[in-house]
Amino acid sequence: MRRRDFIKQVTISSAALASGCGQGQLNSGTPGAGQAFVDAHCHVFNASDLPTVRFLRQVVFKRYPKQALMRSGVRDPDALDVMIEFMVELLGAGAAPSADQEIAVLEGRESPKPSATTAQAARASAIEDMAQFLRTVDARRRARGPEIASAPTEQLERKQVGDTAFLNFFLDGQSRERVLTNGEPLTLQEARAASRRAFKRSGGIATYLNWFSLFRMYRHALADELIADAERQEFEMKVMTPLLVDFDEWLYQDVESSMAKQVRVMELVAQRAALASDKVPVVLNFVGYDPLREVAFRAGTKGSFSSLEIARKALTESGFAGVKLYPPMGFRASGNRGPYPRRTLKKLGFEPSHRLDETLDDLYSLCAELDAPIMAHGAASNGAGEQYDIRADPAYWIPVFEKHPELRVCLAHFGGFDKKSYGQLGPLPDSSWEWVLGRYIKAHPQQPVFVDISYMSEALGSEIERTNLATNLKAWVQRYDPKIRHIIYGSDWIMVGKERGYENYLSAVASFLKDECGFDEGARERVLYLNALRFLPFQRLSTGRQRLSSWYRANGLDPRKLPTVPPSLLQNFFGE
């Protein structure tokens, strides 16, 4: 199973309506026995932070926009359209608390909404909403009766097939016959029973339904869930780094909670953690940056939202540690070129490649100036357009590393070993993304370039999956990073929540590193904890630490809660 590739993992597609899917074997690993760790790659956003409809259409189901202006909506919905409609309902774009609502709660001006405070409550709310959706689908299916006489057969079938297939999949035998065969209305009692069964059934459907319910929660509640998972597995989380994302311009849909509002709510989440006991981990946020939004802003075609200024303020005024980039939306780290959606070109009035490079280089300069690390999606997955996923190729990062050698960068979701890098003609794995990046790391061992193993779903998979990944990872380490000083742990929570057994993900990864990879205790400590301390701006007297400490003091918080990098770790890293 290709990690982080939604289309290969999504099990409630139109095909699943007929068959359903299973998952690989579960390897729950072993408890952490108090092992300290940093989750250097996690998300606690909810549905109000995402362009949900477009994300599902373009990224999950790969209904890409043509390189032309695309009209909103789809005429005559088919089975897939009903599934998308249902997923949007369950993801809770309307039920999820907006940033403004959560700010009011965290500032004590409003009481929290019970259905958004715990996973159990969010699940109960989602079950009820699914029941109501089933009744809506049934009602409109029956309401189409008069259309039979006048509508062309093909058009009528396209209207009916989605609703009918959807109900056929979720209703049990007796209800299915009464509703679909006899044409009687679906009762609320039947709909609720069907919804409860769906959330409890085995296989991928229930996993996804329960995952969707998480997107209806407060962001601080999602952070609490992640911390609780680690505690239950007997690991001690020292730092978590929630990453914000900005997909709006590429997916052509504005979100309910703007990036500026998301920055504010996550600043309050960080303050909340800093005021808690020492057992609560430090929250270090990463602000989302979209170079296309910045291009549109500078061209005067997209309001007054400067992505670069939002990033600057987040880093200098809101206690944010770094910046999150998502190249599969449609850009490269450097050397941009099309094609781009024609709807984008029409709106801009020009081809944006050169300006994308300019706005990205401005960001790199800002991050170098402020000692702010960059976390970038580094896997060939989740593209917003045809072949957009390969724009995350590390080959496009090499010129950035050469121009800004002081820049801290981590390329996420390392470990595919199956994709040829740009310009590479030889066989795999020598031509792979990982080998190209590995050669750079080996030639520049002191440069702060890292990879993370977030969403390493193979650790939860079959023995064959774990063995194959371990073989490739050990070969890479032996050749390019023998001291294992450039690999970082990350969970990719909340995204990994779609995987069966995700509750034991941390234990499973630790077990994988020990048993399949043969990493000794010191190597595992570097992956889980110490390497992240070098990626994050924790070094004494560094610009980044001074920046974070200033925010702590300005908000009446104790900067001594920030971890420090042991001198021996830096000495070992730099070979002094």
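Helix α8 (residues 188-200) and helix α9 (residues 204-214) have axes that come within 6 Å and cross at roughly 105 degrees; α8 and α9 are therefore roughly perpendicular to each other (the label covers 65 to 115 degrees). Axes are lines fitted to C-alpha atoms, for helices over the stretch in contact, with angles running from 0 to 180 degrees between N-to-C directions. Helices are DSSP runs of H or I with at least four residues, and strands are E runs of at least two, numbered from the N terminus.

This is a predicted model, in which local features need pLDDT of at least 70 and side-chain atom pairs pLDDT 80 or more, while totals for chains, interfaces and linings use all residues. Residues are numbered from 1 along each chain as its sequence is written, and side-chain values use heavy atoms, leaving out hydrogens and water.

On the α8 side, Ala 198, Phe 199 and Lys 200 meet Ile 205, Ala 206, Leu 209 and Asn 210 of α9 (contact means heavy atoms within 4.5 Å). These residues divide into 5 nonpolar, 1 polar and 1 charged.

The whole structure holds 8 cavities of 30 Å³ or more, a cavity being a set of points on a 1 Å grid over the protein atoms alone where a 1.4 Å probe fits but cannot get out.

Technical notes. Angles under 35 degrees count as roughly parallel, over 145 as roughly antiparallel, 65 to 115 as roughly perpendicular and the rest as oblique. Ala, Val, Leu, Ile, Met, Phe, Trp, Tyr, Cys and Pro count as nonpolar, Asp, Glu, Lys and Arg as charged, and the others, Gly among them, as polar. On a 1 Å grid over the protein atoms alone, a cavity is a set of points where a 1.4 Å probe fits but cannot get out, and a pocket is an open set with protein on both sides within 12 Å along at least five of seven lines; lining residues have an atom within 4 Å of a point. Grid points are joined across faces, edges and corners, and a volume is the space filled by probe spheres set on the points.
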